[in-house]
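Here is a short report on how the parts of this chain pack together. Look over the sequence and the structure first, then read on.

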Amino acid sequence: MSQSSLSAAILLQFKNCRILRNHKIYWDDLWVRDGKIVDPEKIFFDERKPADIQIDCQGNIIAPGFIDVQINGAFGVDFSDIDGDIPAGVNLVAKGLLEAGVTSFCPTVVTSPSEVYRTILPKIKKCPGSAKGAGVLGIHVEGPFISKEKKGAHPEQYIRTLENGFQDLEDVYGNIDNITMITLAPEQEQAHEVIRECVARRITVSLGHSTANLVQGEEAVCQGASFITHLFNAMLPFHHRDPHLVGLLASEHVPHDKTIFYGLISDGIHTHPAALRIAYRVHPDGIVLVTDAMRAMGLPEGIYNFGQQKVEICGKRALLKDTETLAGSIARMDTCVRHFAKSARCGPVLALEAASLHPAQLLGITKSKGTLDYGSDADFIFLNDNLEVKATYIAGECVWTPDGVQKYDLL
């Protein structure tokens, strides 16, 4: 029986599964109705009815769907490219991400001319996930208010300062309604004003592509910044006399009621396994796995556009053409999860939460995403013991399986 033939009021019971909930994986059933996860005790005591349909999960793990808060593009689509049909490109990526277990994501636009932002940002709108693809949680603008010294693959000629405070953001971006996150360098003049205004508008502020020292990072966090963009990459390295932004993981000057989250590109290229282990052991609750994937993800080796520049794919590495500068990754989220679990030696629970619960906490959306709590959206994935994705569900609907057949294995 296909999902499309079922009434929205149908009560589904997923049996013979292991559920990731409350930081543990344990045998239990998962109940779903109207696209939400429901409490079976209320069903039993208030309605006194069995499930309309029972689904055999064949012993798989059920975990919340992955959330990628930094992805520049994939499958030939670059979110910083104004050529072509922008909404269609987002939809193409959204559909392709289902195979990797991603049920929500933030399309990321890198440092670009103002006219590029003004063209792209109004056309990438927040939308819920469905059989058509993963949901869009809003745009992550990475730049242009960053450090030229730590620009990475960002084109230097388009990097801007914050001399006029928040007005500079409005002048460069135009309409900011679709922005969910912004990466900026906190050492810039007027950065504190900008951080406070962004937070007041419910825009998550991330620190990255920066030469900031630890004190500047701590001050930014006290103003409301809550994330570090791709830790270890495009920032000053840890030093024992000034650990710079890396030191935020162990800072005593961060408010005690605030968690500092940080992105990790666990693709086997950007971050050494030892660095992954260090981050995990120092501050496991803040880890947010990101792909930082670009247009060439899912495509063969070759030369591709990346924002305003050219990138060459050599093996598993994406490099600015004719340089050794990394320019994003070509890794899928499920690959990053498996690599992190193995390299950090953290086990499956933390690795899965780092790609689901933690990004939801970062964005303040745990009431609907990132958990299997009662009342949350029924966005989840089936995985085997090797953390390979076997099925992806959004709002309780099977939206991807390896054979492309959306069906229930009924008991």
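In this predicted model, the largest nonpolar core holds 86 residues. Phe66, Phe105, Tyr173 and Phe340 touch the most other members. Helix α8 supplies the largest share of this core, six residues. In soluble globular proteins, nonpolar side chains tend to be buried together.

Beyond its neighbours within four places in sequence, Phe340 is in contact with residues including Leu264, Leu276, Tyr280 and Ile287. Arg345, Cys346, Leu350 and Ala351 are also among its contacts.

Another core lies apart from the largest one. This other core has 18 residues, among them Ile53, Cys57, Ile62 and Phe382.

Helix α7 has Ala275, Leu276, Arg277 and Ala279 as its buried residues. They pack against strand β15 and helix α8.

Now to a pair of helices, α5 and α6. Their axes are 8 Å apart, and the packing angle is about 30°. Angles under 35 degrees count as roughly parallel, so α5 and α6 are roughly parallel to each other. Their crossing is right-handed.

The table lists the residues that meet.

| Helix | Span | Residues in the contact |
|---|---|---|
| α5 | residues 191–200 | His192, Ile195, Arg196, Val199 |
| α6 | residues 214–223 | Glu219, Ala220, Gln223 |

By class, this contact of α5 with α6 has three nonpolar, two polar and two charged residues.

Definitions and conventions: Residues are numbered from 1 along each chain as its sequence is written. This is a predicted model: local features need pLDDT of at least 70, side-chain atom pairs count only at pLDDT 80 or more; totals for chains, interfaces and linings use all residues. Side-chain values use heavy atoms; hydrogens and water are left out. Axes are lines fitted to C-alpha atoms, for helices over the stretch in contact, and angles run from 0 to 180 degrees between N-to-C directions. Helices (H or I, at least four residues) and strands (E, at least two) are DSSP runs, numbered from the N terminus. Angles under 35 degrees count as roughly parallel, over 145 as roughly antiparallel, 65 to 115 as roughly perpendicular and the rest as oblique. A crossing is left-handed if the near helix is turned anticlockwise from the far one by less than a right angle, and right-handed if clockwise. Contact means heavy atoms within 4.5 Å. Ala, Val, Leu, Ile, Met, Phe, Trp, Tyr, Cys and Pro count as nonpolar, Asp, Glu, Lys and Arg as charged, and the others, Gly among them, as polar. A nonpolar core is a set of buried Ala, Val, Leu, Ile, Met, Phe, Trp, Tyr and Cys residues joined through side-chain atoms within 4.5 Å. Buried means under 20% relative accessible area, exposed over 50%, partly exposed in between (1.4 Å probe, protein chains only).
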